[in-house]
Amino acid sequence: MVQCPDRIIASMDTGVDDALALAYLLGSADECELGGVIAGYGNVDANTAYANTCAVLDLFGRADIPVFLGAEHPSWADAFIPDAGCAQFHGDDGLGNTRLAGSGALADGAGVPGDDMSVDVPDEVVSVGGYLAGDVHAHPALGACSRVNRSQSVDHPQSAMPTALASGGKRRCSVDAADGIEYLIEQVREFGRDVTVLATGPLTDVDAAITRAPDIAPKLRLVMMGGTLTQPGNCWDAVAETNIIQDPEAANRVFHSGADITMVGLDVTHQCLLPRSAADQWRATGTKRGRFLADLADFSIKANLEADPALFSGGMPLHDPLAAAVALDSSLVDCFDLALRAETNTGDFNGVRGRTTGDPVGLVNHSMPHVHVALGVDSERFLDEFVERMAEVCR
């Protein structure tokens, strides 16, 4: 078996910070090999995530990296609608309205809660950004209801094809949702913990892989962006974190699977703020790549500042890029190991759905799987390395 300790397989719901993380990995070619990307629902619908992933890889000259379609909806639902909150922080196209992959998934003005909650999917359970359609917290992005993703294989996403073809690259495209799961399984079976699965979106794909192939759990090394232990969440109710609320059931199963898991959550990502000066530095390279990355950063900096001036006066939180960096260098964070669970219900003696908290059973059953929860971060070292590496990849 070929040993490849720095091999990365990414599972992404490719929005603004996923794209920055992807560019960071591409700029870290001396340290890691990006073996493939599984693009699924979350910040945007799965087709848009797929198109965005292809477009970013093409922009950086890596059309050779395979892209697979991942889950189109959470494990608890039959369909998915993008959420207004995600559109607010990622734009209606998922990439800060840069239109890199085409026209984008939603109509202009996405990010404003829609008035019409009706969807043409009778008898199906619909997730609106992690909340059941009709829930008080379910706010669909404007125009999203006409683009409900159903549980089925799809043709090549239309918005992805022109980018891939225009690049002149020979992209190996796969659009069957099952393929992404099978690819993840195959990679873990072949490389074991010499491959790191980096999940920057919901854990639906990872959960599906473990459910289909339970034998991979002890061999799986996972670095995930998501959750929060000591800080409020970033969802509508300020309790859950976005990636976890999308599919708490999947997250809870993954936490208890016995895989080697590092959780990079809001406890540390909110300490890593990208300043506007970094975007200025990237734009100053004068390249298309530099302008794209700078536009992403500027969009996110503005959106976060408007959302919380006190917390984000220093810039945008580098959620997914920090997780990518930790996948390459675990010494960036200090972790606290504990049995972890994701709450799957709201109510008395249940907690709040989507919250990540210690599993009390772990206090009496010390054999329960533990998760490495990042609570401390060398933010200065990470930010310096990130800004410099991204400046290099812009050129």
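**Ground rules**

I am working with a predicted model, where local features need pLDDT of at least 70, side-chain atom pairs count only at pLDDT 80 or more, and totals for chains, interfaces and linings use all residues. Residues are numbered from 1 along each chain as its sequence is written, and side-chain values use heavy atoms, with hydrogens and water left out.

**Overview**

I noted 13 helices and 17 strands. Helices (H or I, at least four residues) and strands (E, at least two) are DSSP runs, numbered from the N terminus. Of the 395 residues in the protein, 58% are buried. I also looked up contacts, meaning heavy atoms within 4.5 Å. Among contacts with a separation of 6 or more, 79% are between residues 24 or more positions apart. The accessible surface comes to about 15000 Å², and carbon and sulfur atoms own 50% of that. Such areas come from the Shrake-Rupley method with a 1.4 Å probe; for residues, only the protein chains shown count as cover.

**Aromatic pairs**

I needed the ring rule: rings of Phe, Tyr and Trp (its six-membered ring) pair if their centres lie within 6.5 Å, and planes under 30 degrees apart count as stacked, over 60 as edge-to-face and the rest as tilted. Searching the whole structure gives five aromatic pairs.

One of them is F68 with Y183, a stacked pair with 4.4 Å centre to centre and 25° between the planes.

**Cores**

Next I checked the nonpolar cores. A nonpolar core is a set of buried Ala, Val, Leu, Ile, Met, Phe, Trp, Tyr and Cys residues joined through side-chain atoms within 4.5 Å. The largest one has 71 residues, and L34, W282 and L293 have the most contacts inside it. A second, separate core has 34 residues, including V188, A217, F255 and L338.

What does L293 touch? Leaving out residues up to four places away in sequence, I listed L20, A23, F60, W282, M390, V393 and C394.

**Salt bridges**

How many salt bridges does the structure hold? The count is 16. The rule is a side-chain nitrogen of Lys or Arg within 4 Å of a carboxyl oxygen of Asp or Glu. I followed three of them.

R212 forms a salt bridge with E182, with the closest N and O atoms 2.9 Å apart. R212 is in helix α6 (residues 204–212) and E182 in helix α5 (residues 177–191), so the pair ties together parts that are 30 residues apart in sequence. R212 is partly exposed, at 43% relative accessible area, and E182 is partly exposed at 31%.

R253 forms a salt bridge with D207, and here the closest N and O atoms are 2.9 Å apart. This pair links distant parts of the chain, with R253 in helix α8 (residues 248–255) and D207 in helix α6, 46 residues apart. R253 counts as partly exposed at 39% relative accessibility, while D207 counts as buried at 6%.

D298 and R283 meet through their side chains in a salt bridge, at 3.0 Å from N to O. D298 lies in helix α11 (residues 288–307) and R283 in helix α10 (residues 276–283), so parts 15 residues apart in sequence are tied together. D298 is buried at 19% relative accessibility, whereas R283 is partly exposed at 30%. I then found that R276, R283, D295 and D298 are linked in a network of salt bridges.

**Surface**

Patches are made of residues with over 30% relative accessible area and no salt bridge; like charges are joined within 9 Å, and nonpolar side chains (Val, Leu, Ile, Met, Phe, Trp, Tyr) within 5 Å. V361, L363 and V364 make a nonpolar surface patch of about 340 Å². Where is V364? It is in the loop between β16 (356–358) and β17 (371–377). V364 is exposed, with a relative accessible area of 71%.

How values were computed: Buried means under 20% relative accessible area, exposed over 50%, partly exposed in between (1.4 Å probe, protein chains only).
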